[in-house]
Amino acid sequence: MATWELTGVRQRSSSIRKGRDFRSLFIYDHELASLDLGLQHPFKPERVLKTVELCSRYGVWEKPWMEVKGAERAEREVLERFHQPQYLDILERASRGEIQLETLERGLGTEDCPIVPGLYEWASRAVGGSLIAMRAILEGDADVAFNLFGGFHHGMPDHAEGFCYLNDIAISILEALDRGKRVAYVDMDAHHGNGVQEAFYRDPRVLVISVHETGRTLYPWGGSEEEIGEGEGLGYNVNIPLEPGSDDEVFQLAVGSIVLPLLRAFSPDVLVSQIGADTMISDPLTHLRLTNNSYSWAIRNLASMAVPVLALGGGGYDLYRTARCWTMAWAIFNHVEPRDELAGLVGGMMYGPEMEVGTLMDAANPTKGEVKERAMEGVTKVIEFLRSTVFPIHSL
Ligand SMILES: [Zn+2]
């Protein structure tokens, strides 16, 4: 654990903003944490409250350079930059209980995207949280900003899908483009970031990279490596589909071979990352087998890019493991080593599996046998394909 005591890095990253020290911003809003989409629905915003509790327990909260802010509702005209006005009308009316013929056609009222009272308010405040975080970065008030209530990468201009009603990611990136910034987007969620891909498919100002479980076995059933952008955006959309059963080694090979070289070559002004944690071995919705060892390795690499970072939530349906991942991500981006302040206390609060108390790290859990062989073969082919098609566009 002590190997990532990174105080020196904090001093180095503060040189991004000359003349002042490193600052970070965490969006927390208790009302956003309380949304209830129904007992059976896997999406539980209370994960963010659990993350805050763990951050506090592990001593990575309330540091002098950290600021916590609530979320404010994004204005309608901001939402219209990505979403169709008719869709916004239908969503707003549905969340007031006014159901019309078109409601279901827009993906609303389905099992994945149920309608609950106050939904429009909730979704537009989640977007507002991401916007506050992005603006803090653009105005030089934060080097790192987190909105774990955001990360809705499946949100489409004219409909809801995959638990996503409004696409806070596309809207935040548009805000950065308005200010003339070049943006790299790294999507670590187990599902393909189809909504963000659609938003910037023809735009070379945004390098969109998604690492995910192959669409042959998981929603949204796309995200092939062959989707590399169009027109001026050719080579600026990168998909790295992984086979079911892919583990830490496979994920690290993919990120190390493709994501990191492309990020260095593109050299963005701002890095946006969707840090969904549904890639974890215990996630009930997906078939990847990562532990938080490779997750935190990837986060460390993003944190060392010396570029301001907007980190957004996303998937993660094993609530406890998701909270551990996000606590580690917040610790790494703030260059603080998490220490369990309750470990060893008799009668201390136990949080999660007792054997894991005292550390946030998972035990290693590599995949073996044929499943592993297929996963390695699959990722090797994808790497070769991207090296021959996308790398030359970036002079790699
Ligand atoms: Zn997901």
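Buried means under 20% relative accessible area, exposed over 50% and partly exposed in between, with a 1.4 Å probe and protein chains only. You're looking at a predicted model, where local features need pLDDT of at least 70, side-chain atom pairs count only at pLDDT 80 or more, and totals for chains, interfaces and linings use all residues. Residues are numbered from 1 along each chain as its sequence is written, and side-chain values use heavy atoms, leaving out hydrogens and water.

Start with the whole chain. Its C-alpha atoms fill a box of roughly 55 × 50 × 50 Å along the principal axes. Switch to cartoon and you'll have 13 helices and 8 strands; these are DSSP runs, numbered from the N terminus (helices: H or I, at least four residues; strands: E, at least two).

Next, select Phe146, Tyr165, Ile173, Ile240, Leu263, Val272 and Tyr295: they have the most contacts inside the largest nonpolar core, which has 125 residues. (A nonpolar core is a set of buried Ala, Val, Leu, Ile, Met, Phe, Trp, Tyr and Cys residues joined through side-chain atoms within 4.5 Å.) Now colour helix 7, residues 119–138, which gives the most to this core, with 13 residues.

Zoom in on Ile173. Which residues is Ile173 in contact with, leaving aside neighbours within four places in sequence? Show Met134, Val183, Tyr185, Val196, Phe200, Val206 and Val272; contact means heavy atoms within 4.5 Å.

Last stop: select Leu54, Ala323, Leu360 and Met361, which are among the 6 residues of a second, separate core.
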